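Here's a quick tour of one chain for anyone who likes to know what the cut-offs are. Have the viewer open as you read.

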Amino acid sequence: MPKESFLKNRIRSVGFALKGMFLLLRTEASIKIQFVIALFITGIGFYFEISRMEWIMQLLAIGMVMGIEGMNTAVEKIADYIQPKYDLKIGLIKDISAGAVMIVSIIATIVGLIIYVPKLI
């Protein structure tokens, strides 16, 4: 069997990534909520005509929260596959993963406050 070309391999990888992204958006409640919040905040950004740097910070914050939430979901799915029954160590792993989401969510909220509170005052 001939080896697949680099370009075909990259295109296939992008396809798998898109499939995973849409699966995440369709099946996970937390991502759905974060996606709606991201759309809302993006609309507010257009309304207040935020600067290029504010857009960069906002988009990075949104991407970090949603990306880490996706990784959290993956960790939970793997943990549940490895140990379907309650397990203290698996629970600790899930808590740590959720804690990572909490950290980026807090920072994203602070970024949002830095951008929008001055515009509201």
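Which residue forms a salt bridge with Glu 54? The partner is Lys 119, with the closest N and O atoms 3.2 Å apart.

## Ground rules

This is a predicted model, so to speak of local features we need pLDDT of at least 70, side-chain atom pairs count only at pLDDT 80 or more, and totals for chains, interfaces and linings use all residues. Residues are numbered from 1 along each chain as its sequence is written, and side-chain values use heavy atoms, with hydrogens and water left out.

## Salt bridges

Back to that first pair. A salt bridge here is a side-chain nitrogen of Lys or Arg within 4 Å of a carboxyl oxygen of Asp or Glu. Side chains of opposite charge can pair when their charged atoms come close. Searching the whole structure turns up three salt bridges. Glu 54 sits in helix 3 and Lys 119 in helix 4, so their pairing ties together parts 65 residues apart in sequence. Helices are DSSP runs (H or I, at least four residues), numbered from the N terminus. Glu 54 is buried at 19% relative accessible area, while Lys 119 is partly exposed at 31%. For the labels, buried means under 20% relative accessible area, exposed over 50%, and partly exposed in between (1.4 Å probe, protein chains only).

Another bridge joins the side chains of Lys 77 and Glu 28, at 3.3 Å from N to O. This one links distant parts of the chain, 49 residues apart: Lys 77 is in helix 3, and Glu 28 is in the loop between helix 1 and helix 2. Glu 28 counts as buried, at 16% relative accessibility. Then there's Asp 80 with Lys 94, whose side chains meet at 2.4 Å, N to O. Here the link runs from Asp 80 in helix 3 to Lys 94 in helix 4, 14 residues apart. Both ends are partly exposed: Asp 80 has a relative accessible area of 37%, and Lys 94 comes in at 22%.

## Helix 3

Helix 3 covers residues 52–82, which makes 31 residues, and it reaches 45 Å from first C-alpha to last, close to the 45 Å expected at 1.5 Å a residue. That expected span is 1.5 Å times one less than the number of residues. Its buried residues include Trp 55, Gln 58, Ala 61, Ile 62, Val 65 and Met 66, plus Glu 69, Gly 70, Asn 72 and Thr 73. Among the things covering them are helix 1 (6–27), helix 2 (29–48) and helix 4.

What does Gln 58 touch, leaving aside its neighbours within four places in sequence? It is in contact with Ile 41, Thr 42, Ile 50, Ile 115 and Tyr 116, where contact means heavy atoms within 4.5 Å.

## Nonpolar cores

A nonpolar core is a set of buried Ala, Val, Leu, Ile, Met, Phe, Trp, Tyr and Cys residues joined through side-chain atoms within 4.5 Å. The largest one has nine residues: Ile 50, Trp 55, Ala 61, Val 65, Val 104, Ala 108, Val 111, Ile 115 and Tyr 116. Helix 3 and helix 4 are the elements that give two or more residues to this core, and helix 4 gives the most, with five.

Ala 108 touches Ala 61 and Val 65, not counting residues up to four places away in sequence. A second, separate core has five residues, including Ile 31, Ala 38, Ile 62 and Met 66.

## Out on the surface

Met 102, Ile 103, Ile 106, Ile 107, Ile 110 and Ile 114 make a nonpolar surface patch of about 600 Å². Patches use residues with over 30% relative accessible area and no salt bridge; like charges are joined within 9 Å, and nonpolar side chains (Val, Leu, Ile, Met, Phe, Trp, Tyr) within 5 Å. Met 102 lies in helix 4, residues 88–120.

Glu 49 is one to click on: it has a positive phi of about 50° although it is not a glycine. Glu 49 lies in the loop between helix 2 and helix 3, and it counts as exposed at 68% relative accessibility. Ile 121, in the segment after helix 4, is exposed too, at 84%.

Methods: Accessible areas come from the Shrake-Rupley method with a 1.4 Å probe; for residues, only the protein chains shown count as cover.
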